[in-house]
Amino acid sequence: MKPVLDGTVALVTGASSGIGAATAAALAAQGAAVTLAARRRDRLEALAAGIRDQGGTALVLESDITDEQQATDAVARTVAELGRLDTLINNAGVMLLGPAAGAPLPEWQQMVELNVLGLLYCAHAALPHLLRAAEDSPRRVADMVNISSVAGRVARTGNNVYSLTKHGVGAFSESLRQEVTRRYVRVSLVEPGATATELASHNRPEVLQSISNQFGQRMEADDIADAITYIVTRPRHVTINEILIRPTEQER
Ligand SMILES: NC(=O)c1ccc[n+]([C@@H]2O[C@H](COP(=O)([O-])OP(=O)(O)OC[C@H]3O[C@@H](n4cnc5c(N)ncnc54)[C@H](OP(=O)(O)O)[C@@H]3O)[C@@H](O)[C@H]2O)c1
């Protein structure tokens, strides 16, 4: 039997580590040709080599998606080199926590530029291709999966601007879902809880220290990749609108 995503093309942002890397590998295993986009080329090349060893197709794009042109180019090059775009996984993100009072403004700017604007640049550039894929592909359906967070559902002390960006991702996703669902572009939101990736490591040492006891049990990046794979492999008439997924021991 052919794998479900055979003949389809997926673009994964933030594919150089964590959830993005696991998702790109999982989609390739389902038969999708994948574009791996992020800034660290060496990581992307290593992942691409692993996918090709398994008989898959991977395109490496060194891209900083906070730059509108680079985000737009990532979509355009995917379509030019792999022929189409059926699936966009808007995953790249950064989480810089800590009290709002006295927070370094560049941290807030970085989160808005990546988690909000970077995602929007990719979504905007991808939409015409996703709408076309939903019309003319063998599956006649296309997917945009936006990665939010538990922090996109509930704001808590110290999450302030990270929570703002993820609430924004949720609002955009729901509005877009309503706009395009009858055209068979499925827009889905994934809201992970604590997952063992590099995400927290970008925080200032004093913040890292204060949040280290907040995180107990963690999921693996593969657990989230599994949820994303489930979303994009549903039959045409089924859309998974939203998945909130926590490690079992995470209470809040
Ligand atoms: N881990 C968790 O507990 C958790 C929980 C809830 C939600 N999430 C969300 O899951 C998503 C993935 O995060 P992760 O946990 O897998 O963390 P991660 O391992 O730190 O991955 C983040 C990815 O984003 C990429 N990235 C950062 N800046 C970028 C830029 N300017 N342009 C393009 N790519 C950029 C990074 O690659 P380069 O540095 O190579 O560019 C990396 O591949 C994020 O949206 C995060 O908010 C994670």
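## Helices H3 and H4

Helix H3 (residues 68-82) and helix H4 have axes that come within 8 Å of each other and cross at roughly 30°. Angles under 35 degrees count as roughly parallel, and H3 is therefore roughly parallel to H4. The crossing in which H3 passes H4 is right-handed. This is a predicted model.

On the H3 side, the residues that meet H4 are Glu68, Ala71, Thr72, Val75 and Val79. Their counterparts in H4 are Tyr121, Cys122, Ala125, Ala126 and His129. Sorted by class, the contact of H3 with H4 has 7 nonpolar, 2 polar and 1 charged residues.

## Helices H4 and H5

Helix H4 (residues 105-136) also packs with H5, at an angle of about 15° and with the two axes 9 Å apart. H4 and H5 are therefore roughly parallel to each other. H4 passes H5 in a right-handed crossing.

H4 contributes Trp108, Met111, Val112, Asn115, Val116, Leu119, Leu120, Ala123, Leu127 and Leu131 to this contact. From H5 come Asn160, Val161, Tyr162, Thr165, Lys166, Val169, Phe172, Leu176 and Val180. The residues of the contact of H4 with H5 divide into 15 nonpolar, 3 polar and 1 charged.

## The sheet

The model has an open sheet formed by 7 strands, in the order S3-S2-S1-S4-S5-S6-S9, and the pairing is parallel. Strand S3 (58-62) and strand S9 (242-245) are the edge strands, each pairing on one side only. From one strand to the next, the twist averages 15°.

One of the pairings is that of strand S1 (residues 9-13) with strand S2 (residues 33-38): the two run parallel and are joined by 5 bridges. Within this pairing, Leu11 has Thr35 in S2 as its bridge partner.

## Helices on the sheet

Helix H5 (residues 160-180), already described as a partner of H4, also packs on the sheet. There H5 touches strand S5 (142-147) and strand S6 (185-192), and the direction of H5 makes about 160° with that of S6.

Helix H7 (residues 221-232) packs on the sheet as well, touching strand S4 (87-90), S5, S6 and S9. The direction of H7 makes about 160° with that of S6. Angles over 145 degrees count as roughly antiparallel.

## Ala28 in helix H1

Ala28 lies in helix H1 (residues 18-29). Its relative accessibility is 13%, and buried means under 20%, so Ala28 counts as buried at 13%. Leaving aside residues up to four places away in sequence, Ala28 touches Val34 and Ile51.

Ala28 can also be placed relative to Arg40. The two residues are 12 residues apart in sequence and, from C-alpha to C-alpha, 20 Å apart in space.

## Two loop residues with positive phi

Arg140 lies in the loop between H4 and S5. Arg140 is not a glycine, yet has a positive phi of about 50°. With 40% relative accessibility, Arg140 counts as partly exposed.

Tyr184 is found in the loop between H5 and S6. The phi of Tyr184 is near 65°, again a positive value in a residue other than glycine. Tyr184 has 29% relative accessibility and counts as partly exposed.

Key: Residues numbered from 1 in each chain as written. Predicted model: local features only at pLDDT ≥ 70, side-chain atom pairs only at ≥ 80, totals over all residues. Heavy atoms only, no water. Pairing = 2+ DSSP bridges. Helix = DSSP H or I, 4+ residues; strand = E, 2+ residues; numbered from the N terminus. Axes fitted to C-alpha atoms, helices over the stretch in contact; angles between N-to-C directions. Contact = heavy atoms within 4.5 Å. Parallel < 35°, antiparallel > 145°, perpendicular 65-115°, else oblique. Left-handed = near helix turned anticlockwise from the far one by under 90°. Nonpolar A, V, L, I, M, F, W, Y, C, P; charged D, E, K, R; others polar. Buried < 20%, exposed > 50% of the residue type's maximum accessible area, 1.4 Å probe, protein only.
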